[in-house]
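Here is my note on the model you sent. Please read it with the structure open.

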Amino acid sequence: MRLANKVAVITGAAQGLGAEIARRFREEGATVYICDVNADEGEKTALALAKLSSIGGASFLKLDVTSEESWKSVFEAVRQKSGRLDVLVNNAGINIRKNIEEMPVESLDAMLAVNIKGPFLGIKHALPLLRASGGGSILNMSSVCGIIGHKYTNETYTTTKGALTLLTKSIATRYAKDNIRCNSVHPSTVDTPLLQTVLSDPVRRAERYGEVPLGRLATATDVANAFVYLASDEAAFLNGVALPVDGGTTAW
Ligand SMILES: NC(=O)c1ccc[n+]([C@@H]2O[C@H](COP(=O)([O-])OP(=O)(O)OC[C@H]3O[C@@H](n4cnc5c(N)ncnc54)[C@H](O)[C@@H]3O)[C@@H](O)[C@H]2O)c1
């Protein structure tokens, strides 16, 4: 198993891509902490994933990534229960879909808080525990919008994901001395139940499929597999990488 004996904190893991990352981590033997504001879904996900492997485990911890106190409580709980931390996955993110001219400043603040302040605080408070564990891996969920100005996506989301790309590289250079690697993952559009409304419009469907050289959307498992690799010791020399999982979308 590729993640045996590793302890991972995964944010936004109650549902969607975070839950799939947690599922794949469990298949590879990790102990995962499902961290989310949504306690009902988070508890259910943790319960289902706990049974998935005979080694490691899964438990839910309530976390609001925008709150420094909330992060401190999570890492204190992880320290008490597991005594170590090997992987932090900053996956929680929101997208309020309005172009710059229509974006209320409150929505801008909300997106900056979850998408940037969240990972910033997570990294800030994970570092001491990662260092005490002899090093580890920090993984940030960016997007193709963290690499290119994506014409179907609003400027605010792109701003937050672009900032995350360089937060990643900055951490990668500063904390490599502590054997802490930091990488970001950049998916193109993922085929999720939430996306079905967008895909039911034939024009928007053609736009989304047409931009991918491989001619299909990403699956949640495509994305989660990249996280497994970057979290594992197979990626021991990957640091500061912005890894697209986009079927070639950013390669045109
Ligand atoms: N779905 C895509 O097509 C796609 C593509 C590229 C990147 N991404 C990124 O992947 C990540 C996950 O996306 P998704 O589609 O699974 O989203 P989702 O909305 O299905 O899940 C997001 C999760 O984050 C949690 N969350 C929201 N605010 C939080 C907070 N303040 N504190 C803790 N948890 C919070 C939600 O409760 C939810 O469980 C996001 O960062 C998103 O930007 C998604």
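1. Two residues are in contact if their C-beta atoms, placed from the backbone, lie within 7 Å. Among contacts in the chain with a separation of 6 or more, 74% join residues 24 or more positions apart.

2. A word on the source. The model is predicted: local features need pLDDT of at least 70, side-chain atom pairs count only at pLDDT 80 or more, and totals for chains, interfaces and linings use all residues. Residues are numbered from 1 along each chain as its sequence is written.

3. Secondary structure. The chain has 8 helices and 7 strands. These are DSSP runs, numbered from the N terminus: helices are H or I, at least four residues, and strands are E, at least two.

4. Ligand shell. Around the ligand are 27 residues, and Gly12, Gly16, Leu17, Gly93 and Val190 come nearest. A residue is near a molecule if its C-beta atom, placed from the backbone, lies within 6 Å of it. Helix α1 (residues 16-27) gives the most to this shell, with 3 residues.

5. Burial. Buried residues make up 42% of the 252 in the chain. Buried means that 20 or more other C-beta atoms, placed from the backbone, lie within 10 Å of the residue's own.

6. Ile10. Its contacts include Ala22, Val32 and Ile34, not counting residues up to four places away in sequence.

Conventions. A residue is buried if 20 or more other C-beta atoms lie within 10 Å of its own, exposed if 12 or fewer, and partly exposed in between; C-beta atoms are placed from the backbone.
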